[in-house]
Amino acid sequence: MTRERSAASNSTQVCESADEAVAGIEDGATVLVGGFGTAGQPVELIDALRRHGAKDLTIVSNNAGNGSHGLAALLAAGQVRRIVCSFPRQKDSYVFDELYRSGKVELDVVPQGNLAERLRAAGAGIGAFYCPTGVGTPLAEGKETRTIDGREYLLEFPIHGDVALVKAHQADTLGNLVYRKTARNFGPVMATAATLTVAQVLSVTEPGSLDPEAVVTPGIFVDRVVACPSPAVLAEEGAAG
């Protein structure tokens, strides 16, 4: 396990606001952002990052933003230099589309399974791994290949983040996280793959109040938590939270 805490930060900080939770994120940071479309997207943390003003960011996420909120708003603010994602385009990705076509944002497309595994590898301390996804496609260009048992594989490297912004259903003050249904998606692997992990939740409870069998992300991986109400704009769209 490669993720370590310093002696000065050996416990989870319960923040009073989303703005406090994202304080200190630097220009040029690689930020892992949870969510599958709008399900599980940490919208309040993304909005706080936009207000914070950090720029030249690399965003790692499954999608490249929806409509004009969340990641799309961060892109529109001109704070993102590069996006690493699986599905950059959908019917409401007009903010990303315009920026990409005008050369204002870079794109690195990563197949969804590879994205999840590269994040998991970062958290597990795996140096690299071979995967068959992408063989024979433009995504294989420049990558080392190896034939194993008669099948060709590509060498893939972990994706490490300076910061992970994730959304969970509940947390306790120790940082243990419980997720809700499909809103779980990339949260667990991203939480382990970043130097600083920040989680927004609906409520923060006292230790012992969460069923330990339901805890997916242990508090050792979570540096900051903040209680936020359910985002109205996403609730109207019926997204899981």
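**Exercise 1. Find which residues isoleucine 83 is in contact with, leaving aside its neighbours within four places in sequence.**

Solution. Take contact as heavy atoms within 4.5 Å. Next, look at the core: Ile59 and Ile83 touch the most other members of the largest nonpolar core, which has 33 residues. A nonpolar core here is a set of buried Ala, Val, Leu, Ile, Met, Phe, Trp, Tyr and Cys residues joined through side-chain atoms within 4.5 Å. Buried means under 20% relative accessible area, exposed over 50%, and partly exposed in between (1.4 Å probe, protein chains only).

A word on the model: it is predicted, with local features needing pLDDT of at least 70 and side-chain atom pairs counting only at pLDDT 80 or more, while totals for chains, interfaces and linings use all residues. Residues are numbered from 1 along each chain as its sequence is written, and side-chain values use heavy atoms, with hydrogens and water left out.

**Exercise 2. Work out which residues stand opposite leucine 32.**

Solution. Helices (H or I, at least four residues) and strands (E, at least two) are DSSP runs, numbered from the N terminus; two strands pair if DSSP finds at least two bridges between them. Start with strand 2 (residues 30–33): Thr30 and Leu32 point one way, Val31 and Val33 the other, and all are buried. Then follow the pairings. Strand 2 runs parallel to strand 3 (residues 57–60) over three bridges, and leucine 32 stands opposite valine 60 there. Three bridges also join strand 2 to strand 9 (residues 161–167), again in parallel, where alanine 164 stands opposite leucine 32.

**Exercise 3. Locate the aromatic pair and say how its rings are arranged.**

Solution. Rings of Phe, Tyr and Trp (its six-membered ring) pair if their centres lie within 6.5 Å; planes under 30 degrees apart count as stacked, over 60 as edge-to-face and the rest as tilted. A search of the whole structure gives one pair. Phenylalanine 96 and tyrosine 100 are stacked, 5.5 Å centre to centre with 15° between the planes. Both lie in helix 4 (residues 94–101), four residues apart, about one turn of the helix. Finally, check accessibility: phenylalanine 96, at 1%, counts as buried, whereas tyrosine 100, at 43%, is partly exposed.
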